[in-house]
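Subject: A structure to look at

Dear colleague,

Here is the structure I promised to hand over, and I would be glad if you opened it before reading on. My notes on what was found follow below.

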Amino acid sequence: MIDPSTVLRQGLLGLSRSKQVRQVIENAPVSRDVVRRFVAGVGTDECLSAVTDLLHGGRLATIDFLGEDTTDQSHAAYTRDAYLTLLTALSDAGLTADGKAEVSVKLSAVGQSLPQDGEQIALDNARQICEAAKAAGTTVTIDMEDHTTTDSTLGIVRELRADFPWVGAVLQAYLHRTEADCRDFATEGSRIRLCKGAYKEPESVAYQDKIEVDKSYVRCLKVLMEGAGYPMVASHDPRLIEIAGSLADKNLREAGSFEFQMLFGIRPDEQQRLAAAGHQMRVYVPYGDEWYGYLMRRMAERPANTMFFMRALASK
Ligand code: FDA
């Protein structure tokens, strides 16, 4: 029998790429209020204020200027410039010291999917963002998007790491290939964020069953924790968080040699608990007005998130 939550998830992930639905939802008067639960704000000031609160509470931050699937070069340059402005503002506010606040970048937002020279444009834009991060004394992590971009993204990460060895990459446990990618990347100095994966992917490349995804996550985590790199455990899943802690102990890893990561607005109490227990706990903070794709993926992950949105719509 088909699991209704799988149908809902696949449907929402399908809608996350629909331009028509995007217009309707973005223009609904309720949307901006609801979005506040998962998005730190539209402008740099609101983002800075959210990040300042997190850092004062003992957490770390990685900031995503929202946007993806850029279709023209000027928009890719606009996104790059937004990151440059953000990094200067973070540094001026003293938030980048010791890499406490860093940035996360989607390559499709800085040009990767442009039909002509997309990869080169994305690499050039990402390189400028890395230069600005270096000047600010912090790091950059390159987000991972759907499987058609994995090879291109990892190729760009490798090129960036030749000049900026601290550039982080994301690997998605739902892809069949990821355990092997973890082996390749579990090397000295490498920062790898392991997540389950948030896109609609075919059976030919990705596990569809949640239990299979979780098992793959544990296998990948073992490789990363046993390796010489810096694992970044990106999950809200209590069982995986516990397993990550046990694997870290087993491999004699100290608290500063790996970190936990969660999304802004999700399980804030657990974020505080982990930080108070002495762990590195980094929060992924999205901001900006292009929140549609991000919000739809959050709804697809959890029926309760969808209900929250529906209730808000109904109450207007
Ligand atoms: P999952 O969604 O399966 O939830 C497992 C359990 O966690 C639930 O059963 C519940 O117990 C708990 N939980 C989850 N949400 C909760 C909530 N709202 N309230 C209370 N409990 C909750 N993806 C991607 O494809 N590319 C990327 O670059 C990134 N980047 C990224 C960065 C960071 C820092 C994070 C945390 C995540 C990503 N992701 C991502 C998203 C990731 O792939 C995944 O879709 C989400 O993290 C959801 O998966 P979970 O591991 O949290 O488990």
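A residue is called buried if 20 or more other C-beta atoms lie within 10 Å of its own, exposed if 12 or fewer do, and partly exposed in between, with C-beta atoms placed from the backbone. By that rule Asp 98 is exposed, because 8 other C-beta atoms lie within 10 Å.

Please keep in mind that this is a predicted model, in which local features need pLDDT of at least 70 and side-chain atom pairs count only at pLDDT 80 or more, while totals for chains, interfaces and linings use all residues. Residues are numbered from 1 along each chain as its sequence is written. The mean pLDDT (the predictor's confidence in each residue, from 0 to 100) of the protein chain is 91, and 90% of its residues reach 70 or more. For the complex, the predictor gives an ipTM of 0.98 and a pTM of 0.92.

Asp 98 sits in the loop between α5 (73-92) and β2, where helices (H or I, at least four residues) and strands (E, at least two) are DSSP runs numbered from the N terminus. Although Asp 98 is not a glycine, it has a positive phi of about 55 degrees. Arg 267, also not a glycine, has a positive phi near 50 degrees; this residue is in the loop between β7 and α11 (268-276), and it counts as partly exposed because 16 other C-beta atoms lie within 10 Å.

An unreviewed UniProt entry annotates Lys 106, Arg 297 and Arg 298 as "binding site"; positions follow the numbering used here, feature names are shortened, and annotations may be inferred rather than shown by experiment. Lys 106 lies in the loop between β2 (101-105) and α6 (118-136) and is buried, since it has 25 C-beta neighbours inside 10 Å. Leaving aside neighbours within four places in sequence, Lys 106 is in contact (C-beta atoms, placed from the backbone, within 7 Å) with Glu 68, Asp 143 and Glu 145.

Around the ligand there are 23 residues, of which Asp 143, Cys 195, Ala 198, Ser 235 and His 236 come nearest; a residue is near a molecule or strand if its C-beta atom, placed from the backbone, lies within 6 Å of it. The largest share of this shell, 3 residues, comes from β7.

With kind regards

Definitions and conventions:
Contact = placed C-beta atoms within 7 Å.
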